[in-house]
Amino acid sequence: MHLRSALKAFGAALIICAPALAQPADDGNGDSEAINLICTGRGEKLASGYTSSLEWDRYDHKYRTRSGYETSMRGFESAVTLQIYGNDGRIRLPEKLIPPINSGGDHRHWWQLDDLIVGQNEIRASYRLNGLNKPKIRIDRETGEINIKGTGQDFSGTCEKVDPGQRRF
């Protein structure tokens, strides 16, 4: 439980120290709201590594060395930060969700949200990690559950609104 508290404090500090805080976008009616979220949870990413092991050879009746690269999904705990203002938004990813070959983001791991839809009950968006991977985000505004699905990576968790407000987000 200490990890969750530490991640929330770290995420709150990121939003406070971010160069471009989410500012309310005025829609002409004065009904605008910036949404700043910290989402903590668990994820999986595709990882590979060199392994060496012994396997029983049933024909020669002895152990043989087997080595090579193995690819598998590995779990991790982390947090993502989202800032949404009007029809624009961005997501800050932990390094564990950024592949070695990526199409940018900024030097602080912020990625621009594409296809952003802020609905009454959910928020949907995507972001471009590279030419082959454009993960999709879905956030349930009633429960606070977030799901990010991309090629070779998944993340799910619970979001909390950082700034005070009537509803959760």
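This briefing walks through strand pairing, a disulfide, ring contacts and a nonpolar core. The model is predicted, so please keep in mind that local features need pLDDT of at least 70 and side-chain atom pairs count only at pLDDT 80 or more, while totals for chains, interfaces and linings use all residues. Residues are numbered from 1 along each chain as its sequence is written, and side-chain values use heavy atoms, with hydrogens and water left out.

**Strand pairing**

- Strands here are DSSP runs of E with at least two residues, numbered from the N terminus, and two of them pair if DSSP finds at least two bridges between them.
- Strand S1 covers residues 34–57 and runs antiparallel to strand S2, residues 62–85, with 24 bridges joining them.
- Ala 34 has Tyr 85 in S2 as its bridge partner.
- The hairpin of S1 and S2 has 4 residues between the strands, and there His 61 takes a positive phi near 55°.
- S1 is also joined by 9 bridges to strand S9 (residues 153–161), again in an antiparallel arrangement.
- Across that pairing, Gly 157 in S9 stands opposite Gly 41.

**The disulfide**

- Searching the whole structure gives 1 disulfide, meaning a pair of cysteine sulfur atoms within 2.5 Å.
- Cys 39 and Cys 159 form this link, with an S to S distance of 2.0 Å.
- Cys 39 belongs to strand S1 and Cys 159 to strand S9, so the pair ties together parts that are 120 residues apart in sequence.
- The link of Cys 39 and Cys 159 is right-handed, with 100° about the S-S bond.
- Relative accessible area sorts residues into buried (under 20%), exposed (over 50%) and partly exposed (in between), using a 1.4 Å probe and protein chains only.
- Cys 39 is buried at 0%, and Cys 159 is buried at 0% too.

**Aromatic rings**

- Rings of Phe, Tyr and Trp (its six-membered ring) pair if their centres lie within 6.5 Å; planes under 30 degrees apart count as stacked, over 60 as edge-to-face and the rest as tilted.
- The whole structure holds 2 aromatic pairs.
- In one of them, the ring centres of Tyr 50 and Tyr 69 are 5.4 Å apart and the planes lie at 75°, so the pair is edge-to-face.
- Tyr 50 sits in strand S1 and Tyr 69 in strand S2, so this pair ties together parts that are 19 residues apart in sequence.
- Tyr 50 is exposed, with a relative accessible area of 54%, and Tyr 69 is exposed at 68%.
- Trp 56 and Tyr 63 have ring centres 5.0 Å apart and planes at 75°, so this pair is edge-to-face.
- Trp 56 counts as partly exposed at 47% relative accessibility, whereas Tyr 63 counts as exposed at 54%.
- Arg 90 lies over the face of Trp 110, 3.8 Å from the ring centre; this call needs NZ of Lys or CZ of Arg within 6 Å of the ring centre and within 35 degrees of the ring normal.

**The nonpolar core**

- A nonpolar core is a set of buried Ala, Val, Leu, Ile, Met, Phe, Trp, Tyr and Cys residues joined through side-chain atoms within 4.5 Å.
- The largest has 24 residues, of which Val 80, Leu 82, Ile 91 and Ile 146 touch the most other members.
- The elements giving two or more residues to this core are S1, S2, S6 (122–126), S7 (136–140), S8 (145–150) and S9.
- S2 gives the most to this core, with 4 residues.
- Leaving aside neighbours within four places in sequence, Ile 146 is in contact (heavy atoms within 4.5 Å) with residues including Cys 39, Val 80, Leu 82, Phe 155 and Cys 159.
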